Amino acid sequence: MKMLLRWLLTLVALLALLLAGPVWLLASNQVNTNGHWSSLDRSSAGIAPAPAANAEAVVQVYSARAYHWRGAFGEHIWIATKAEGADSYRLHQVLSWRRPTVVSSIDTPDRAWFGNPPTLLADYRGDAAAQLIPQIETAAANYPQADLYRVWPGPNSNSFIAWIIREVPGFEVTLPVTAIGKDYIFNGVLAAAPSGTGYQLSLGGVVGIMLALEEGFEINVLGLSFGIDLMRPALKLPGIGRLGMPAKVLGS
């Protein structure tokens, strides 16, 4: 009986630790839970180079807090590509309300995600970007779970991005600790870290561990991750994200 009680107390303490960040974000109104999606900001942040002023190929990866209460737990990530000489960007992402879920369409690359401003995660230009674009398009077309979407533990929009990164050689991105679903590995339990600087072990995206130079050390418990980055000192917490130096923007 004492052993059972001890296990129950440990479980409660673990859940409290994992949920403390998201609950605090909601309680302190740091996540927008008001307003219909159609009325929320979707304007450009002015980060991406304008096609009219920049003819070279561009590949960028963006993240932003998820819509509504989900933003207290995680982020949505997408890839923006512009071929050399093109007059527009094409966005590659997974949308939960679409079937198939994979959407590759012309759009504003750095627009807010329903009221939440974007953050640049990776930036490739010129020849490096030109080599990545056709491989990204092929990988997106071959995504193995285009008809399935699960917010937790995956496959979701972040699982899709992690899949693309692993499928395209030389495409290295440091995904935020709040990118729930990034640890969902489709084939097996061991894979390279998205940055390409280490490895991760994951059991269905529910439990896992990652060790890499760029990501640092991360532990995934029930789909929520926490860890520490020593290269660019920062503490990583569920829901809250990084406390410390920002992650390096990888690219050419």
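How many nonpolar, polar and charged residues does the lining of the second largest cavity have? In this predicted model, local features need pLDDT of at least 70 and side-chain atom pairs count only at pLDDT 80 or more, while totals for chains, interfaces and linings use all residues. Residues are numbered from 1 along each chain as its sequence is written, and side-chain values use heavy atoms, with hydrogens and water left out.

The lining of the second largest cavity has three nonpolar, one polar and three charged residues (Ala, Val, Leu, Ile, Met, Phe, Trp, Tyr, Cys and Pro count as nonpolar, Asp, Glu, Lys and Arg as charged, and the others, Gly among them, as polar). These residues are R42, W78, L91, Q93, D107, R111 and W113, and the space within amounts to about 40 Å³. A cavity is a set of points on a 1 Å grid over the protein atoms alone where a 1.4 Å probe fits but cannot get out, and lining residues have an atom within 4 Å of a point. Grid points are joined across faces, edges and corners, and a volume is the space filled by probe spheres set on the points.

Two cavities of 30 Å³ or more are present in the structure. The largest has a volume of about 50 Å³, and its lining includes K182, D183, E218 and S225. At least two lining residues come from each of β7 (198-203), β8 (207-212) and β9 (216-221), strands being DSSP runs of E of at least two residues, numbered from the N terminus. Four nonpolar, five polar and three charged residues make up this lining.

Note on methods:
On a 1 Å grid over the protein atoms alone, a cavity is a set of points where a 1.4 Å probe fits but cannot get out, and a pocket is an open set with protein on both sides within 12 Å along at least five of seven lines; lining residues have an atom within 4 Å of a point. Helices (H or I, at least four residues) and strands (E, at least two) are DSSP runs, numbered from the N terminus.
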